[in-house]
Amino acid sequence: MLVSTRQLLLDAQKGKYAVPAFNVHNMETIQTGVEAAAELRSPIIVAATPGTMKYAGPEFFIKMVEICSEKYDIPVAMHLDHHESYDEIINAIQIGTKSAMIDASHLDFEENIAMVKKVVDYAHRYDVTVEGELGILGGQEDDLVRDEKDSKYTNPAQAKEYVERTGIDSLAVAIGTAHGVYKEEPKLDFDRLAEIRAVVDVPLVLHGASGVPAEQVKKAIELGITKVNIATELKMPFAETLREVLVNKPNESDPRKYFGPAKEAMKKVAIEKILMCGSNGRA
């Protein structure tokens with residue numbers, strides 16, 4: 001059965017590793033991420049943006065992840081990533097998801113707190129964990145596009161107040177990452193992360209990890225990151241392999257013949273990311 005991210009992230013915080021959160025979009029990518037985690041005996045968070053939930057349909061998507069959680073003997077959490085609609089989150093909770101991110105980071109501080117607390121008050125009644133975000137990441141996530149100049153780093157002092165007043169279970173921090181493809185190598189603000197860790201007790205989350213050098217991600221984990229979100233680096237090998245097969249074999253009509261190689265390409269990257277997080281053997 002599906003689990004919430006509460007114990008997954010608390011265990012990671014204690015063990016000084018991170019749980020990979022893979023953004024997936026269809027049956028094939030769900031299967032690939034969970035299969036890679038099962039091979040390495042790693043817990044896994046299957047994450048879905050609002051666009052993914054709309055594309056697959058929340059009932060179908062959640063049930064597909066639920067089936068994977070029953071098939072493999074590892075902890076599997078279904079997580080709503082960057083959802084901004086209260087009603088959509090409530091609907092997904094009623095269907096069966098146990099973990100949700102309410103992204104109100106685009107609002108001012110007080111409005112952000114009010115929106116997140118509203119979700120927390122409902123979700124905690126059903127033992128559903130809630131992730132909030134303070135600070136804004138640039139780049140593109142799903143249909144949301146934010147200019148790099150609009151990105152704002154998380155303020156440590158505000159982070160402490162934010163966690164206390166909202167009651168969130170985990171906090172996504174902005175320390176120099178961005179969504180999508182980086183134009184140049186990112187440089188994470190480790191001093192800021194250490195300051196946040198010193199004043200905040202809940203597990204910390206790193207968004208926009210695709211393209212960040214593994215050494216930087218590992219250092220962030222050492223400093224307190226317990227959940228690492230990965231999307232773009234999984235989509236790219238899947239799409240590139242799929243495109244290659246279809247171009248080289250234009251008459252191929254069997255989806256298994258082109259989705260199969262694409263899954264294998266994505267799986268290789270998924271395994272690399274699990275090893276990077278240090279979550280292998282933790283299930």
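Residues are numbered from 1 along each chain as its sequence is written, and side-chain values use heavy atoms, with hydrogens and water left out. Because the model is predicted, local features need pLDDT of at least 70 and side-chain atom pairs count only at pLDDT 80 or more, while totals for chains, interfaces and linings use all residues. Helices (H or I, at least four residues) and strands (E, at least two) are DSSP runs, numbered from the N terminus.

Helix α2 (residues 27-39) and helix α4 (residues 58-71) have axes that come within 10 Å and cross at roughly 30°; here axes are lines fitted to C-alpha atoms, for helices over the stretch in contact, and angles run from 0 to 180 degrees between N-to-C directions. The two helices are therefore roughly parallel to each other, given that angles under 35 degrees count as roughly parallel, over 145 as roughly antiparallel, 65 to 115 as roughly perpendicular and the rest as oblique. The crossing of α2 and α4 is right-handed (a crossing is left-handed if the near helix is turned anticlockwise from the far one by less than a right angle, and right-handed if clockwise). On the α2 side, the contact (heavy atoms within 4.5 Å) is made by Met-27, Ile-30, Gln-31 and Val-34, and on the α4 side by Phe-61, Met-64, Val-65 and Cys-68. Seven of these residues are nonpolar, one is polar and none is charged; Ala, Val, Leu, Ile, Met, Phe, Trp, Tyr, Cys and Pro count as nonpolar, Asp, Glu, Lys and Arg as charged, and the others, Gly among them, as polar.

Helix α2 also meets helix α11 (residues 255-277), where the axes come within 9 Å and cross at roughly 45°. The pair is therefore oblique, and the crossing is right-handed. From α2, the contact draws on Glu-28, Thr-29, Gln-31, Thr-32, Glu-35, Ala-36, Ala-37 and Glu-39; from α11, it draws on Phe-259, Lys-263, Met-266, Lys-267, Ala-270, Ile-271 and Ile-274. By class, the contact of α2 with α11 has seven nonpolar, three polar and five charged residues. Gln-31 takes part in the contact with α4 and in the contact with α11.

A further helix pair is formed by α5 (residues 86-95) and α6 (residues 109-123), with axes that come within 11 Å and cross at roughly 15°. That angle makes α5 roughly parallel to α6, and the crossing is right-handed. Tyr-86, Ile-89, Ile-90, Ile-93 and Gln-94 of α5 meet Met-115, Lys-118, Val-119, Tyr-122 and Ala-123 of α6. The contact of α5 with α6 comprises eight nonpolar, one polar and one charged residues.

An α-helix has 3.6 residues a turn, so residues three or four places apart point the same way.

Most residues other than glycine have a negative phi. Lys-16, however, has a positive phi of about 60°; Lys-16 is found in the loop between α1 and β1 (19-23) and is exposed, with a relative accessible area of 63%. Arg-41 likewise has a positive phi, near 55°, and lies in the loop between α2 and β2 (44-48), where Arg-41 is partly exposed at 33% relative accessibility.

Other positions complete the picture. Thr-49, in the loop between β2 and α3, is buried at 4% relative accessibility. Pro-50 lies in helix α3 (residues 50-56) and is partly exposed, at 23%. Glu-264, in helix α11, is partly exposed at 47%, and the C-alpha atoms of Glu-264 and His-25, 239 residues apart along the chain, are separated by 16 Å.

Notes
Buried means under 20% relative accessible area, exposed over 50%, partly exposed in between (1.4 Å probe, protein chains only).
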